[in-house]
Amino acid sequence: MRARHSLLGMLLAAATACTTGPTLETQGTVTAPPGDSKHLNIGTAGFTESDLLAQMYALLLTQAGYRTKILSVTNRELYEPALEAGQIDVVPEYAATFADWLNAKAHGPDAPPVGSPDLTTTMAALRRLAAPRGLTVLDPGKAVDQNAFAVTADYARQHRLRTLSDLGAAKLPVRLAAGDECVQRPYCEPGLKKTYGIDITAVDPKGVGTTQSKQAVQNGQDQMVLTTTTDATLDAFGLVLLADDKHLQNADYIVPVVNRSRAGSTGVTKALGALNTVLTTSDLASLNQQVDSWRRLPKDVAKNYLVSKGLLSP
């Protein structure tokens, strides 16, 4: 059976009811054998994409013989400690972002980032940081949710643009709709200038992938918008992504992270690994669209997708 619950009020109760992982005082090399609890709590950060991934994890694990419960948590500051403690057993994460988050937790907020555009390097750093906390990071699949840049389809056709390199070579002045932090972040204005030679004339602080920022590009006030690779609403604004062909962005591939002492078994790994064979970035964008634009329920969208890919019985 699958159910959805709020984490509020459950963490303290679960502390006495669940097998726990290592505490902050007992962290070190994990030598205990991986656990295989048949009752697994799956965490979601409460936004559409996280909800969809959690629902797919639950369906796949249920089919593999596990009883699952979905816990909705608002932020990483809550669900990561719960994951360490065994109050949450499985959570969908983003490789580079989670690696940097664990690195800052271990070495302080000013620690140099360990996430990078290279997936192999990022995964090695992530697993090295996760293991002492009793966490196992499963293999990433094909789907990645990275920062991305979009222009109008008309603008792309007019200037023959398919990649960010094309935009740099065109020597066009570009006003960029993004968050105000873009002027300092290496993946944003500085990176676009250094890596691609794009002439960013100004950053219009309208936010990352907001309706306001997309409208500004749609009406010609700005020429490009910072959004994400799984943005489900680009078509509605007549926008298209330019490929990050020189890999400026970090490798934020979707990865399941599990509590080793409760969900580190081959059964869990095999069940969740099945999703890696099919789920792509474009698939994830389409699933997001079905929830955000078509107002369908995440659990229904998740089930239909898995059935359509032959991973779940109708």
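This is a predicted model: local features need pLDDT of at least 70, side-chain atom pairs count only at pLDDT 80 or more; totals for chains, interfaces and linings use all residues.
User: Let's start with the overall picture. How many helices and strands are there in the protein chain?

Analyst: The protein chain has 13 helices and 11 strands. Of its 314 residues, 49% are buried. The chain exposes about 14400 Å², and carbon and sulfur atoms supply 53% of that area.

User: What share of the contacts between residues at least 6 apart in sequence join residues at least 24 apart?

Analyst: That share is 77% in the protein chain.

User: Now a sheet, please. What is the order of the strands in the five-stranded open sheet?

Analyst: The general idea comes first: strands of a sheet pair through backbone hydrogen bonds, either parallel or antiparallel. Here the order is β8-β7-β9-β6-β10, with mixed pairing. β8 (199-205) and β10 (239-242) are at the edges; each has a single partner strand, so one side of each lacks a neighbour in the sheet. On average, neighbouring strands of this sheet are turned by 40 degrees against each other, direction ignored.

User: Which helix packs on the sheet and touches β6, β7, β8 and β9?

Analyst: That is helix α8 (residues 189-196), whose direction makes about 165 degrees with that of β8. Helix α9 (residues 211-218) lies across β6, β7, β8, β9 and β10, and runs at about 145 degrees to β9.

User: Could we zoom in on a pair of strands? How do β7 and β9 run, parallel or antiparallel?

Analyst: Strands β7 (residues 173-178) and β9 (residues 224-228) run parallel and are joined by two bridges. A177 stands opposite V225 in β9.

User: V225 makes me curious about residues that touch it. Which residues does A150 touch, leaving out those up to four places away in sequence?

Analyst: A150 is found in strand β6, and its contacts are Q223, M224, V225, T227, L234, L239, V240 and L241. The C-alpha atoms of A150 and T229 are 9.5 Å apart, although 79 residues separate the two along the chain.

User: Why does A150 count as buried?

Analyst: Buried means under 20% relative accessible area. A150 is buried because its relative accessible area is 0%.

User: On to another strand. Where do the side chains of β4 sit, and which residues lie on each side?

Analyst: In a regular strand the side chains alternate between the two faces of the sheet. In β4, V90, P92 and Y94 are on one side, V91 and E93 are on the other, and all are buried. Five of the five residues of β4 (residues 90-94) are buried, so the strand is largely enclosed by the rest of the structure. β4 runs antiparallel to β11, with five bridges joining them, and E93 stands opposite V255 in β11.

User: Last one: which cysteines form a disulfide?

Analyst: A search of the whole structure finds one disulfide. C182 and C188 form it, with their sulfur atoms 1.9 Å apart. The torsion about the S-S bond is about -85 degrees, so the disulfide is left-handed. C182 counts as buried at 2% relative accessibility, and C188 counts as buried at 0%.

How values were computed:
Residues are numbered from 1 along each chain as its sequence is written. Side-chain values use heavy atoms; hydrogens and water are left out. Helices (H or I, at least four residues) and strands (E, at least two) are DSSP runs, numbered from the N terminus. Buried means under 20% relative accessible area, exposed over 50%, partly exposed in between (1.4 Å probe, protein chains only). Contact means heavy atoms within 4.5 Å. Accessible areas come from the Shrake-Rupley method with a 1.4 Å probe; for residues, only the protein chains shown count as cover. Two strands pair if DSSP finds at least two bridges between them. Axes are lines fitted to C-alpha atoms, for helices over the stretch in contact, and angles run from 0 to 180 degrees between N-to-C directions. A disulfide is a pair of cysteine sulfur atoms within 2.5 Å.
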